[in-house]
Amino acid sequence: MAKTSLNVALIGQGFMGRAHSNAWGQVGKFFDLPLMPVLHTACGRDAGKLSAFQKRWHWQNIATDFKQVIRNPEIDLIDVVVPNNMHKAIVLEALKAGKPVACEKPLSNSFDDARAMVQAARKAKQRTFVWYNYRRCPAVTLAHQLVREGRIGQVRHVRASYLQDWAMDASIPLAWRFDAKTAGTGSQGDLNAHVVDTVRFVTGEEVSEICGGIVETFVKQRKLMTGTASGGLSQGLKSSGKAGKVTVDDAVMFLARMSGGAVASFEATRMAAGNQNRNGFEINGTKGAVRFNFERMNELEYFDATEERKVQGWRTIIVTHGGDHPYAAAWWPDAHVIGYEHGFTNMAYDIVLALAGKKPTAPLPDFADAFVTQRVLQAMLICAKERRWVKVAQVK
Ligand SMILES: NC(=O)c1ccc[n+]([C@@H]2O[C@H](COP(=O)([O-])OP(=O)(O)OC[C@H]3O[C@@H](n4cnc5c(N)ncnc54)[C@H](O)[C@@H]3O)[C@@H](O)[C@H]2O)c1
């Protein structure tokens with residue numbers, strides 16, 4: 001008999017553990033699915049916290065050994081939501097066991113590990129997915145569609161930035177996000193990775209050459225952390241008396257040329273006062289422009305430069321119309337807006353479609369795709385260190 005369920009194992013139980021648990025639990029309630037996700041096993045290191053996590057999110061089983069979970073023949077998909085330095089070990093184990101993997105971004109804390117992960121996926125011939133969830137905000141998917149339809153013409157300018165401000169608080173302890181051994185980089189892998197992916201997705205162009213890379217760490221020491229993360233970015237983190245060195249960036253930026261001839265700027269920081277999660281872009285073409293700011297995630301701004309000048313102006317599209325807007329038919333009536341978590345649920349929907357051999361709403365990022373983004377980030381670090389232009393394709 002054909003399989004009708006998809007048994008998911010979640011490795012990790014923090015911030016993304018909650019976001020993904022919610023997505024796997026919700027997706028079958030809102031979308032018509034060819035396979036029904038089952039929250040089979042949640043795996044984490046802290047058995048006490050795990051038990052509370054299981055009850056809250058309705059996981060059927062819990063476990064503390066990810067290798068055992070991966071080996072379980074009942075498990076169909078491994079979902080990886082642990083800090084960046086742990087991605088590779090879990091992913092390689094899953095691929096070796098012949099299981100598809102959905103891994104959080106960035107692919108890894110190191111470029112070499114990211115390459116090893118892509119190679120392993122290619123060898124294993126398994127489906128892979130990377131949670132670049134902002135692609136699944138309906139407004140961003142719509143921007144992707146409008147650019148494909150030629151509505152803004154040839155892309156000339158890209159302005160992308162991801163600005164947060166939570167790390168301005170110097171009393172936030174030295175969590176893994178501030179430690180290069182675990183995170184690899186700071187705002188670079190955390191935020192810039194998202195905007196690079198989004199720009200590639202929306203424009204369909206690649207970042208080909210980079211200059212003007214700048215990397216800065218403003219708060220150079222933080223108190224050492226005690227205990228483990230609690231499920232948010234900085235909430236509930238406790239510190240000891242001792243201080244340790246921050247080994248990642250607080251802010252990064254670079255300029256670029258795109259493969260289609262556009263010029264671009266990218267900026268990411270966790271210290272831009274007044275910007276709590278301003279993940280956005282403005283893309284200007286020969287016929288118009290699109291603009292997005294995640295803090296107003298239900299809206300896409302569109303400018304049509306082919307209209308008569310006397311009526312030209314930015315229009316704000318509320319991306320909630322079931323008949324016309326991506327994913328909207330699954331949710332609520334017009335302008336009954338959706339939120340952060342829906343991007344993950346929309347992505348869970350597309351992952352299920354892909355695993356059932358059906359076409360997702362829009363291209364899903366796999367390991368090969370995420371590696372291209374990681375290569376851009378690597379090129380930018382080389383550019384910043386050596387203060388020179390870097391051709392992305394030459395970064396091996
Ligand atoms: N897509 C997004 O927008 C987005 C947002 C935040 C984080 N992320 C990514 O998600 C990943 C996790 O980040 P987070 O914010 O959830 O972190 P977090 O610190 O909130 O949670 C990490 C979890 O991993 C667990 N863990 C660590 N090592 C483990 C191991 N060996 N086995 C099992 N569990 C282990 C920790 O106990 C914790 O529960 C990172 O790669 C991060 O970059 C993505």
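**View 1. Packing of helices α8 and α10.** Helices α8 and α10 (residues 367–386) pack with their axes 9 Å apart and at an angle of about 120°. Axes are lines fitted to C-alpha atoms, for helices over the stretch in contact, and angles run from 0 to 180 degrees between N-to-C directions. Helices (H or I, at least four residues) and strands (E, at least two) are DSSP runs, numbered from the N terminus. The pair α8 and α10 is therefore oblique; angles under 35 degrees count as roughly parallel, over 145 as roughly antiparallel, 65 to 115 as roughly perpendicular and the rest as oblique. On the α8 side the contact is made by Gln 188, Gly 189, Asn 192, Ala 193, Val 196, Asp 197 and Arg 200, and on the α10 side by Thr 373, Val 376 and Leu 377. Residues are in contact if their C-beta atoms, placed from the backbone, lie within 7 Å.

The model is predicted: local features need pLDDT of at least 70, side-chain atom pairs count only at pLDDT 80 or more, and totals for chains, interfaces and linings use all residues. Residues are numbered from 1 along each chain as its sequence is written.

**View 2. The open sheet of nine strands.** Its order is β16-β15-β14-β13-β7-β12-β11-β8-β17, with mixed pairing. Strands β16 (315–318) and β17 (390–391) stand at the edges with a single partner strand each, so one side of each has no neighbour in the sheet. Two strands pair if DSSP finds at least two bridges between them.

**View 3. Strands β7 and β12.** β7 (residues 155–163) and β12 (residues 263–269) run parallel and are joined by seven bridges. Leu 163 stands opposite Thr 269 in β12.

**View 4. Helix α6 on the sheet.** Helix α6 (residues 138–148) lies across β14 (288–293) and β15 (299–304), and runs at about 165° to β14.

Definitions and conventions
Two residues are in contact if their C-beta atoms, placed from the backbone, lie within 7 Å.
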